[in-house]
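Here are a few notes to read with the model open beside you. Follow along in the viewer and go point by point.

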Amino acid sequence: MSVHLERSWIVMGLLALAISLVRGDDGFLTEPPDYIKECRIADKNFVNCSTQSIQQLFDKLNDGIPGLTSIKSFDPFHLNRIRITQGNSNAINLKVELANVKIVGFGHTHVLESQVFKKDYSWKTTFTLPVMKLKGDYSLFGRILLIPLNGRGQVFLDADNMTVTMHTKTRLYSKGGFSFYNVTNCRVDFKIDGLKSYFSNLFNGNKQLEDSTNKFFNDNWRMLADALYTVITQTIEDILLDVLKKIFHYIPANYFVSDIPTPEQLYGKAKPKPK
């Protein structure tokens, strides 16, 4: 019995040692992981290197990043609620609320280009999603394409070959001798090659009118995509901002940009507070 207990303590001790070698006391990596390619922003091939690195990061998210338990699932990704009010033209005047949202497709992210700007270390990342599917509960009041709508039900959106350009703002901070990205803002633009949609219960049980309206939306998908542009972009922004914040509080920025400055070097030393 004592031998068994001793062996158990040895195993636990070795496990604790292994964890401590790759993770700091505050829950961050202290050694570069093998799924990230370190790049020097001073090198002329930095954009190519950074693009490969971010692709490897997206690929790793499919399996889960070891030690990063705050991201439960990347594909599918779940959002509790989104509320949007949109009224930018005579054809579009909407109040939309989505709940219990499930998004499928980010597991097939293909990174086309990843830029990091020396001035403030913000990013511009362009990637494609061959398919992005959204399913959830909706409530909608307003007008799309001059069609008055007032309904609650389920919504299905299926976008083909989506190209996303992500503009990310960051603020560097120090922790444990490393520079970290604090992701403060994420804005996206997108283009798609097709959009299939279905809204159930659009007219409180009038099935004939519901079917004809859904057919009209699918026949005129480009206009619908324009009408739902804010809904789709905010959904993507909410996903990416949540994921990026968690990743970059866990993985030091030094492992992505090996010659990244400290916050003091980039912003200057903070002025002492008056007494």
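1. What covers the buried residues of α3 includes β4 (123-144), β5 (147-175), β7 (194-199) and α4 (221-227). Here "covers" goes by contact, meaning heavy atoms within 4.5 Å, and helices (H or I, at least four residues) and strands (E, at least two) are DSSP runs numbered from the N terminus. Bear in mind that this is a predicted model, where local features need pLDDT of at least 70, side-chain atom pairs count only at pLDDT 80 or more, and totals for chains, interfaces and linings use all residues. Residues are numbered from 1 along each chain as its sequence is written, and side-chain values use heavy atoms, with hydrogens and water left out.

2. Which residues of α3 are buried? They are Glu210, Thr213, Asn214 and Phe217, where buried means under 20% relative accessible area and exposed over 50%, with partly exposed in between (1.4 Å probe, protein chains only). They sit on the same side of α3 because they cover an arc of only 100° around the axis, taken from the directions from the helix axis to the C-beta atoms. Gln208 and Lys215 are exposed on the face turned away from that buried side.

3. Now look at the loop between β7 and α3, where you'll find Ser200. Ser200 counts as buried because its relative accessibility is 19%. Leaving aside neighbours within four places in sequence, Ser200 is in contact with Tyr138, Arg152, Gly153, Gln154 and Glu210.

4. α2 (46-63), β3 (110-116), β4 and α5 (229-250) each supply at least two residues of the lining of the largest cavity. α2 gives the most, with 7 residues.
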